[in-house]
Amino acid sequence: MQSYTSDQLRNVVVMGHGGSGKTTLAEAMLFASGAITRMGSVDSQNTVSDYDPLEHSHSYSISTSLLAVEWEGHRINVLDAPGYADFDCEVVEACVAADAALITVDAVGGLQAGVETSWAHAEEAGLPRMLLISRLDRENADFDGLVAALRER
């Protein structure tokens, strides 16, 4: 395993509303970095971060998973946090360990409660925030409308 100095390490929490694509994004990050050779999917129950049988039976994350992504001489520890309010304590704990927050926003679902809650948790933890609009390939996705709503909010 490669050693990293502190300036080469980043901890990023991926959070957002339930079902907004957090685990799929984390899986894509692993794939793009070469950490895995084939992307899994939540529906196929073969993602790296959702490994618990209970997560498989419900098709959503229950606990935060730590995924190591190596990119251009840096290690990014991706904290894939659950999106459902029942597991909000996992999001709060992940924010404590993170350097930054990546909040997924569903292009069809829009500005949902989980997005606002995630923003508030990141703000409370003093984290810089990034927004990622996911699921743009879905019917009724409205990128421009969602960006306008996010800017207004």
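Leaving aside neighbours within four places in sequence, A94 is in contact with V13, T64 and L79, contact being defined as heavy atoms within 4.5 Å. This is a predicted model, in which local features need pLDDT of at least 70 and side-chain atom pairs count only at pLDDT 80 or more, while totals for chains, interfaces and linings use all residues. Residues are numbered from 1 along each chain as its sequence is written, and side-chain values use heavy atoms, with hydrogens and water left out.

A94 is found in helix 3 (residues 88–97), where helices (H or I, at least four residues) and strands (E, at least two) are DSSP runs, numbered from the N terminus. With a relative accessibility of 5%, A94 counts as buried; the term buried means under 20% relative accessible area, exposed means over 50%, and partly exposed covers what lies in between (1.4 Å probe, protein chains only).

S118, for its part, has its place in helix 4 and counts as buried at 4% relative accessibility. When its neighbours within four places in sequence are left aside, S118 is in contact with M15, G16 and I103.

## Helix 1

Helix 1 (residues 22–33) has 12 residues and should span 16 Å at 1.5 Å a residue, which agrees with the 17 Å between its end C-alpha atoms; the expected span is taken as 1.5 Å times one less than the number of residues. The buried residues of helix 1 are K22, T23, L25, A26, E27 and L30, and these buried residues pack against strand 1 (9–16), strand 2 (65–71), strand 3 (74–80), strand 4 and strand 5. Just after helix 1, G34 takes a positive phi of about 90 degrees.

## Salt bridges

Side chains of opposite charge can pair when their charged atoms come close. A search of the whole structure finds two salt bridges, a salt bridge being a side-chain nitrogen of Lys or Arg within 4 Å of a carboxyl oxygen of Asp or Glu. One of them joins R135 to D106, with the closest N and O atoms 3.8 Å apart. This pair links distant parts of the chain, 29 residues apart, since R135 lies in the loop between strand 5 (129–134) and helix 5 (143–152) and D106 in strand 4 (residues 100–106). R135 is partly exposed, with a relative accessible area of 24%, whereas D106 is buried, with a relative accessible area of 10%.

In another salt bridge the side chains of R153 and E116 meet at 2.7 Å, N to O. Because R153 lies in the segment after helix 5 and E116 in helix 4 (residues 113–124), the pair ties together parts that are 37 residues apart in sequence. R153 counts as exposed at 62% relative accessibility, and E116 counts as partly exposed at 31%.

## Aromatic rings

The search of the whole structure finds zero aromatic pairs, under a criterion in which rings of Phe, Tyr and Trp (its six-membered ring) pair if their centres lie within 6.5 Å, with planes under 30 degrees apart counted as stacked, over 60 as edge-to-face and the rest as tilted.

## Cysteines

The structure holds zero disulfides, a disulfide being counted as a pair of cysteine sulfur atoms within 2.5 Å. For C89, the closest cysteine sulfur is that of C95, which at 12 Å is too far for a bond. C89 counts as partly exposed at 48% relative accessibility, while C95 counts as buried at 4%.

## Positive phi in loops

E72, a residue other than glycine, has a positive phi near 45 degrees. E72 is found in the loop between strand 2 and strand 3 and is exposed, with a relative accessible area of 68%. N140 is likewise not a glycine, yet has a positive phi of about 75 degrees; N140 is found in the loop between strand 5 and helix 5 and is exposed, with a relative accessible area of 63%.
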